[in-house]
Amino acid sequence: MNNLIQDNKQKDFWVWIDPSNGFVRHSVEVLGRFSSNLDFEENESNLMFIPNPKFKGSVSPFQHSMTNYYLADYHLEINREHYFKDHPSRLNSIFLLPSEEEAQKYKRHHMDHVANRILKKVKTIGNYQYSCHDSSWIDFMRLSDSLDDETIENITNSYWNGVNVSDCELKAKGNSWNQEPIIEVLYLGQVEFYDKKLS
């Protein structure tokens, strides 16, 4: 499945933005756009933190969720660096949604994350590159920090190849697990807001 697109034709997307974030407010109200770097070095790693393989201590319950969340992106980035170098990295992309319907589906499954955010429609400007993926893989990876290496590789390959979780038989904690696909767009380039008001 080819889920990687490079183009310059105008296209619309949707994004959940946090109006209380100063950077976001400035980007929307003053600049009227979001930008991510379209040019990045293929050989450079985007990983901000490298897990310590010798760690043998215990993790506080307050840190467990944070490290578990990061580990999902860590595993995806390691797999991308090895097998999907042409795809945008989750760590330096703008996260967009391909339709308003998909944005509402994301909200239904991630109420805590969306919470006080505002849904905005944007249009592409100039050259861009993006890839489409089922973000439900991320939800599955964050259910448990005890996935074995083979399972992690299968999940990350499925994510980057654009496979939907609904096409696979998954188990979490011994029970069948499934979730409707929620397609996210990893976008490199610039997008402009149709409506630059936040209130």
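Let me start with a definition: helices (H or I, at least four residues) and strands (E, at least two) are DSSP runs, numbered from the N terminus. With that in hand, the chain reads along its sequence as β-β-α-β-α-β-α-α-β-α-α-β-β-β. That comes to 6 helices and 8 strands.

Now a word on what we are looking at. This is a predicted model, where local features need pLDDT of at least 70 and side-chain atom pairs count only at pLDDT 80 or more, while totals for chains, interfaces and linings use all residues. Residues are numbered from 1 along each chain as its sequence is written, and side-chain values use heavy atoms, with hydrogens and water left out.

Let's take the whole chain before the details. Of its 199 residues, 40% are buried; buried means under 20% relative accessible area, exposed means over 50%, and partly exposed is in between, with a 1.4 Å probe and protein chains only. The accessible surface is about 11800 Å², and carbon and sulfur atoms contribute 48% of that. Those areas come from the Shrake-Rupley method with a 1.4 Å probe, and for residues only the protein chains shown count as cover. As for contacts (heavy atoms within 4.5 Å), take those with a separation of 6 or more: 85% of them are between residues 24 or more positions apart.

Next, please find strand 2, residues 12-17. Since 5 of its 6 residues are buried, this strand is largely enclosed by the rest of the structure. Strand 2 pairs with strand 5, residues 118-134, in the antiparallel sense over 6 bridges; for two strands to pair, DSSP must find at least two bridges between them. Within this pairing, Val15 stands opposite Lys120 of strand 5.

Stay on strand 5 for a moment, where Gln129 lies. Gln129 has a relative accessible area of 7%, so this residue is buried. Its side chain makes a polar contact with the side chain of Gln6 at 3.2 Å. By polar contact I mean a pair of N or O atoms within 3.5 Å; within protein, one must be able to donate a hydrogen and the other to accept it, and residues adjacent in sequence count only if both atoms are side-chain atoms.

How many salt bridges does a search of the whole structure find? The search gives 11, a salt bridge being a side-chain nitrogen of Lys or Arg within 4 Å of a carboxyl oxygen of Asp or Glu. Arg90 meets Asp73 in one of them, at 2.4 Å from N to O. That pair links distant parts of the chain, with Arg90 in the loop between helix 2 (61-83) and strand 4 (94-96), and Asp73 in helix 2, 17 residues apart. Arg90 is buried because its relative accessibility is 9%, and Asp73 is buried at 13%.

Arg90 also meets Glu184, at 2.5 Å from N to O. Here the partners are 94 residues apart, Glu184 being in strand 8, residues 183-193. Both Arg90 and Glu184 are buried. Together, Asp73, Arg90, Arg142 and Glu184 are linked in a network of salt bridges.

And what about disulfides, meaning pairs of cysteine sulfur atoms within 2.5 Å? The search of the whole structure finds 0. Cys132 counts as partly exposed at 21% relative accessibility, and Cys168 is partly exposed at 24%.

Technical notes. Disulfide = S-S within 2.5 Å.
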